[in-house]
Amino acid sequence: MKLQRKNGLRATALGALAVTGALVLTACGSDDNAASTGGNDGKTNAASDISCEGAKGKLLASGSSAQKNAMDLWVKNYMAACSGVEINYKSSSSGEGIVAFNQGTVGFAGSDSALKPEEVTESKKICKGGQGINLPMAGGPIAIGYNLSGVEDLNLDAATIAKIFNGKIKNWNDPAIEKLNEGVELPDKAIQAFHRSEDSGTTQNLGKYLGATAKSDWPYEAEKKWPAPGGQAASGSSGVAAQVKQVDGAIGYFELSYATSQSIPTVRIDTGASAPVEATSENASKAIAAAQVKGAGKDLALELDYATKADGAYPIVLVTYEVVCDTGNKPETLDTVKSFLTYTASDAGQKVLTDAGYAPIPAEINAKVRETVAGLK
């Protein structure tokens, strides 16, 4: 049975990798579709069902690296449909994106964490007559990726993950890891734990999960800045994934598409459900489906249940937001922002997410996103 399960997982992973790889390759070269001037006649592109009404010129955006692969696909599809429009999304970090938004240098920001109250207050200087709001646009699992020669299947629980990233568990053959992986030969090898070097919404979401499920082993507030001592830092989800890929004995955290595109094995999480849960878009969707809107007014920030024990629900999830002004967006970019975000929240825009390793936003919540985008001023 164990051999059959392993083979099934390998086949699933290879299939997901093939699809994701093809999509990522398709996304490459999106700059070739950009045009520096011009506009659109407001017609909907028949082939892509993308409305380009009012969109024109160049739109700058920046932020979350976790949503980069989704953004690459969205930008590719949108710019192919809307001639004369260039969407330039700089993948940096959630923290840097929000800073850029509140400085007025981007039309919207990508963030894996909702705006803090002080960031909302700061946004009012830019959003004349309004404020920054959070629009959930994509979800997905935060994969715990690892590189351990000879080990193809690995289970961990919240307490063990917390102790690894907190420097309390230092070797791969630690009894706590062995207990969760009976029958697996774990090497006597030092653990090399990697985390994000810059402020990161992915870090904050991992912290929310550990704080909700392993508080005694993770005594830190869930902030964008990495809180624990030790470990090694790398820039962006891509940087952490690259280090895990290169270093035998490494472990790190990043959005799932970085694992699938680089063939990095991921940890299954023992949540207390009937079986450990694999990091997949489908399993993340089961957790995100239980999310509740906690934002007020037009703000659609979500409350996630990181402590879920539902069968098949992967608990380490993030929802990545686009941050915009509800009122007071720049007149020169407003129509382009609305046109682009209308596409990303559309059925077509959400459909591309699953194959790319993300999870679509639940339909009821996404309907509110579409309504809010239509009413941006």
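How many aromatic pairs does the structure hold? The structure holds seven of them, where rings of Phe, Tyr and Trp (for Trp, the six-membered ring) pair if their centres lie within 6.5 Å, and where planes under 30 degrees apart count as stacked, over 60 as edge-to-face and the rest as tilted. Before I go further, please keep in mind that this is a predicted model, in which local features need pLDDT of at least 70 and side-chain atom pairs count only at pLDDT 80 or more, while totals for chains, interfaces and linings use all residues. Residues are numbered from 1 along each chain as its sequence is written, and side-chain values use heavy atoms, with hydrogens and water left out.

One of the aromatic pairs is formed by Tyr78 and Phe340, which lie edge-to-face with 5.3 Å from centre to centre and 85 degrees between the planes. This pair links distant parts of the chain, since Tyr78 sits in helix H2 (residues 68–81) and Phe340 in helix H11 (residues 331–344), 262 residues apart. When I speak of helices (H or I, at least four residues) and strands (E, at least two), I mean DSSP runs, numbered from the N terminus. Both Tyr78 and Phe340 are buried, where buried means under 20% relative accessible area, exposed over 50%, and partly exposed in between, with a 1.4 Å probe and protein chains only.

A further pair is made by Phe165 and Tyr253, whose ring centres are 5.9 Å apart and whose planes stand at 80 degrees, so this pair is edge-to-face. It also links distant parts of the chain, with Phe165 in helix H5 and Tyr253 in strand S10 (residues 250–255), 88 residues apart.

Let me turn to the cores. By a nonpolar core I mean a set of buried Ala, Val, Leu, Ile, Met, Phe, Trp, Tyr and Cys residues joined through side-chain atoms within 4.5 Å. The largest of these has 64 residues, of which Ile144, Leu154, Ile177, Ile251 and Ile316 touch the most other members. Helix H5 (residues 158–165) gives this core its largest share, five residues. Helix H5 is itself mostly covered, with six of its eight residues buried, namely Ala158, Thr160, Ile161, Ala162, Ile164 and Phe165. After H5 comes Gly167, which has a positive phi, near 80 degrees.

Which residues does Ile177 touch, not counting residues up to four places away in sequence? Ile177 touches Leu154, Leu156, Thr160, Ile164, Ile169, Asn171, Trp172, Leu186 and Ile191, with contact taken as heavy atoms within 4.5 Å. There is also a second, separate core of 37 residues, which includes Cys82, Val85, Leu135 and Ala356. As a general remark, nonpolar side chains in soluble globular proteins tend to be buried together.

On a 1 Å grid over the protein atoms alone, a cavity is a set of points where a 1.4 Å probe fits but cannot get out, and lining residues have an atom within 4 Å of a point. Grid points are joined across faces, edges and corners, and a volume is the space filled by probe spheres set on the points. A search of the whole structure finds one cavity of 30 Å³ or more, and about 90 Å³ of space lies in the largest cavity. Its lining includes Phe101, Val106, Ile126, Cys325, Lys330 and Val337.

Val106, one of those lining residues, is placed in the loop between helix H3 (94–102) and strand S5 (108–111). Is Val106 buried or exposed? Val106 is buried, because its relative accessible area is 11%. Leaving aside residues up to four places away in sequence, Val106 touches Leu60, Ala61, Ser62, Ala100 and Phe101. Val106 and Gly63, 43 residues apart in sequence, are 9.8 Å apart in space, C-alpha to C-alpha.

I will end with Lys368, which is placed in helix H13 (residues 363–374).

Terms used: On a 1 Å grid over the protein atoms alone, a cavity is a set of points where a 1.4 Å probe fits but cannot get out, and a pocket is an open set with protein on both sides within 12 Å along at least five of seven lines; lining residues have an atom within 4 Å of a point.
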